[in-house]
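Thanks, everyone. I'll keep this brisk and walk through one model. Please have the viewer open.

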Amino acid sequence: MKIYGLQKMTLLDFPGHVACTVFTGGCNYRCPFCHNYELVDGTAEPLMDEEELLAFLKKRTGLLDGVAITGGEPCLSGDLISFVRRIREMGFPVKLDTNGCFPDVLEALLSGGLISYAAMDIKNSPERYAATVGLDRIDLAPVERSMALLRNSGIDYELRTTVVKELHSADDFRAIGPWIQGAPRYFLQCFTDRDTVPFSGLSAPSAEELKTYAEIVRPYVGSVEIRGVEV
């Protein structure tokens, strides 16, 4: 496993844990609002290899109590399962970020008891999904299977949508609500522009728009929260 980034300590990425965040490379999506596009398009160079990361974790035993794995899309890596298993053998709980396109990998991680928390992206309503992730077309069956796996897994998890003014509307959230019904928690993440975002001209929704979208989805899920803006 090649590691493309490492945040050595975070109190935010893995709820209830003092964790580090590990960034993997590669993604099957081409989201125009991606904050980590250098991990997607192959321009980023690996920061370290698996052995170096495990050596770092060994030194942080007693200081960290969790590892969050994000990307890119971690489930693209053929050695993700063995990598997570090695982290778990060191005693660290693992949180996985995923876009849900690789349910077989997710199922293997869940059935092996290898992850204790997951965050899965819901990019948009089904009708606008392909355009939102930068593709001409998309099969959403794997995404739906991943949602079902998490719903029946027994682990804690969240679904989340990065909201971009130019890509999301109230009608989209009227479709998202029933689609994700039963999720324990759902987060609306406010888009923020950065130098690493591949497309210009995108902007954040207003706080009022975010509150409206949250109220639309609220009847369908356990809780709804907004990240990235004061509301």
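G91 falls in the loop between α3 (80-89) and β6 (94-98). And keep in mind throughout that this is a predicted model.

Stay on G91 a moment. Is G91 buried or exposed? G91 has a relative accessible area of 54%. Exposed means over 50%, so G91 counts as exposed. In sequence, G91 and T61 are 30 residues apart. In space, their C-alpha atoms are 8.6 Å apart.

Now the whole protein. The protein has eight helices and 10 strands. Its radius of gyration is 17 Å, close to the 17 Å that the globule rule gives for 231 residues, so the protein is as compact as a globular protein of that length. The C-alpha trace spans about 45 × 35 × 35 Å along its principal axes. Of the 231 residues, 49% are buried. The accessible surface is about 10600 Å². Carbon and sulfur atoms account for 49% of that surface.

What about contacts? Take those between residues at least 6 apart in sequence: 72% of them join residues at least 24 apart.

Next, strand β3, residues 19-23. Five of its five residues are buried, so β3 is largely enclosed by the rest of the structure. As background, side chains in a regular strand alternate between the two faces of the sheet. On one side of β3 we have A19, T21 and F23. On the other, C20 and V22. Both faces are covered.

Which strands pair with β3? Strand β2, residues 5-10, runs antiparallel to β3, with four bridges between them. In that pairing, L6 stands opposite V22. Strand β5, residues 66-70, pairs with β3 in the parallel sense, over five bridges. There, C20 has V67 of β5 as its bridge partner.

Past β5 there is a detail to click on. Most peptide bonds are trans. The bond joining G71 and G72 is cis, with omega about 10°. G72 lies in the loop between β5 and α3.

Y186, L188 and C190 sit on one side. F187 and Q189 sit on the other. Again, both faces are covered. Strand β8, residues 156-163, runs parallel to β9, and five bridges join the two. V163 is opposite C190.

The charged end of R227 sits over the F187 ring, 3.5 Å from the ring centre.

On to aromatics. How many aromatic pairs does a search of the whole structure find? Three. Let me show two of them. In the F14 and Y117 pair, the ring centres are 6.3 Å apart and the planes are at 40°, so the pair is tilted. F14 lies in the loop between β2 and β3, and Y117 in strand β7 (residues 117-121), so this pair ties together parts 103 residues apart in sequence. Both F14 and Y117 are buried.

Then Y129 and W179. Their ring centres are 5.7 Å apart with planes at 85°, so this pair is edge-to-face. Y129 is in helix α5 (residues 129-132) and W179 in helix α7 (residues 170-179), 50 residues apart, and the pair links these distant parts of the chain. Y129 is buried, at 0% relative accessible area. W179 also counts as buried, at 16%.

Last stop, I115. Where is I115? In the loop between α4 (103-111) and β7. I115 is buried, with a relative accessible area of 5%. What is I115 in contact with, leaving aside its neighbours within four places in sequence? V84, V94, L96, L106, L109, L110 and I155. By C-alpha atoms, I115 and L135 are separated by 29 Å, and along the chain they are 20 residues apart.

That's the tour. Happy to take comments.

Key. Residues numbered from 1 in each chain as written. Predicted model: local features only at pLDDT ≥ 70, side-chain atom pairs only at ≥ 80, totals over all residues. Heavy atoms only, no water. Buried < 20%, exposed > 50% of the residue type's maximum accessible area, 1.4 Å probe, protein only. Pairing = 2+ DSSP bridges. Phe/Tyr/Trp six-rings, centres within 6.5 Å; stacked < 30°, edge-to-face > 60°. Lys NZ or Arg CZ within 6 Å of the ring centre and 35° of its normal. Rg over C-alpha atoms; globule rule 2.2 N^0.38 Å. Contact = heavy atoms within 4.5 Å. Areas by Shrake-Rupley, 256 points an atom, 1.4 Å probe, with all protein chains shown as cover.
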